[in-house]
Amino acid sequence: MEVVSRQGNRENLEQAFDIAESLGVTSLLDAEDVDVPCPDEKSVITYVSSIYDAFPKIPEGGEGIAAHEVDPRWSEYQSRFSSLLQWSRQQTALMANKNFPQNPVELKALYNEYVHFKETEIPAKEMEKGQVEHLYKLLELMLTTVFVCGVTLRVVSVCLCSIVTLCTCIET
């Protein structure tokens, strides 16, 4: 915001319109159209409406997540991912070091271990992996939304300043 306060109206408007256009907002106004004592009311309202339409829609599962929740979710993701990765590496090393017994009884016991691993541990870890994937997608959505909304809110802020100027003109 410090940069915005140091720049002139025209530079702020041009920057806001460029950012808005990069986010998919149709370029309906130019800085010259708005940086006047009384900008056209309908044009400004139409433009602000198009900004609202370009806001990112938060898909199901992302509602109610505030920006301050990103850090704890990130820590949870790192912890769960690290745990899953460590388990995977341990199991891979364990299986790489297996010597196949020559005795049929020991071979049967090894097979039973494998069946238990396949039917019990693998499904649990696959479910855990799915939860980690879901957490990752949620984080990705949160970070994208926070970034895009932050930029978009700056555009809206500059446009709202123009609306305030417009309203002041209409009142007088």
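# Buried rings and a pocket in a predicted model

Visitor: Why is Trp87 called buried?

Guide: Its relative accessibility is 16%, and the cut-off for buried is under 20%. Trp87 therefore counts as buried. The model is predicted, and every value here is computed from it.

Visitor: What makes Gln91 count as buried?

Guide: The relative accessibility of Gln91 is 16%, and buried means under 20%, so Gln91 counts as buried. Gln91 is found in helix H5. Leaving aside residues up to four places away in sequence, Gln91 touches Phe117 and Glu121.

Visitor: How do you know that Glu128 is buried?

Guide: Glu128 has a relative accessible area of 18%. The limit is under 20%, so Glu128 is buried. It is found in helix H6, residues 104-171. Not counting residues up to four places away in sequence, Glu128 touches Arg80, Ser83 and Leu84.

Visitor: How much of the chain counts as buried?

Guide: Of its 172 residues, 25% count as buried. The accessible surface of the chain comes to about 12,000 Å², and carbon and sulfur atoms hold 57% of that surface.

Visitor: Which elements does the chain have?

Guide: The chain has six helices and zero strands, and the order from the N terminus is α-α-α-α-α-α. Among contacts with a separation of 6 or more, 75% are between residues 24 or more positions apart.

Visitor: What parts of the chain does the pair of Phe17 and Tyr47 tie together?

Guide: Phe17 lies in helix H2 (residues 9-22) and Tyr47 in helix H4 (residues 41-54), so the pair ties together parts that are 30 residues apart in sequence. Phe17 counts as buried at 8% relative accessibility. Tyr47 is buried as well, with a relative accessible area of 2%.

Visitor: Why is the pair of Trp87 and Phe117 called stacked?

Guide: The ring centres of Trp87 and Phe117 are 5.9 Å apart and the planes are at 15°. A pair needs centres within 6.5 Å, and stacked needs planes under 30 degrees apart. The pair is therefore stacked. Trp87 lies in helix H5 and Phe117 in helix H6, so this pair also ties together parts 30 residues apart in sequence. Phe117 has a relative accessible area of 12% and is under the 20% limit, so Phe117 is buried.

Visitor: What makes Trp74, Tyr77, Phe81 and Tyr136 a cluster?

Guide: Ring pairs link these four residues, Trp74, Tyr77, Phe81 and Tyr136.

Visitor: How much space lies in the largest pocket, and which residues are closest to its centre?

Guide: About 320 Å³ of space lies in the largest pocket. It is lined by 13 residues, and the closest to its centre are Met95, Lys98, Leu110, Glu113 and Tyr114. Helix H5 (70-96) and H6 are the elements that give two or more residues to the lining.

Visitor: Which element gives the most to that lining, and how do its residues divide?

Guide: H6 gives the most, with eight residues. The lining of the largest pocket divides into eight nonpolar, two polar and three charged residues.

Note on methods: Residues are numbered from 1 along each chain as its sequence is written. This is a predicted model: local features need pLDDT of at least 70, side-chain atom pairs count only at pLDDT 80 or more; totals for chains, interfaces and linings use all residues. Side-chain values use heavy atoms; hydrogens and water are left out. Helices (H or I, at least four residues) and strands (E, at least two) are DSSP runs, numbered from the N terminus. Buried means under 20% relative accessible area, exposed over 50%, partly exposed in between (1.4 Å probe, protein chains only). Contact means heavy atoms within 4.5 Å. Accessible areas come from the Shrake-Rupley method with a 1.4 Å probe; for residues, only the protein chains shown count as cover. On a 1 Å grid over the protein atoms alone, a cavity is a set of points where a 1.4 Å probe fits but cannot get out, and a pocket is an open set with protein on both sides within 12 Å along at least five of seven lines; lining residues have an atom within 4 Å of a point. Grid points are joined across faces, edges and corners, and a volume is the space filled by probe spheres set on the points. Ala, Val, Leu, Ile, Met, Phe, Trp, Tyr, Cys and Pro count as nonpolar, Asp, Glu, Lys and Arg as charged, and the others, Gly among them, as polar. Rings of Phe, Tyr and Trp (its six-membered ring) pair if their centres lie within 6.5 Å; planes under 30 degrees apart count as stacked, over 60 as edge-to-face and the rest as tilted.
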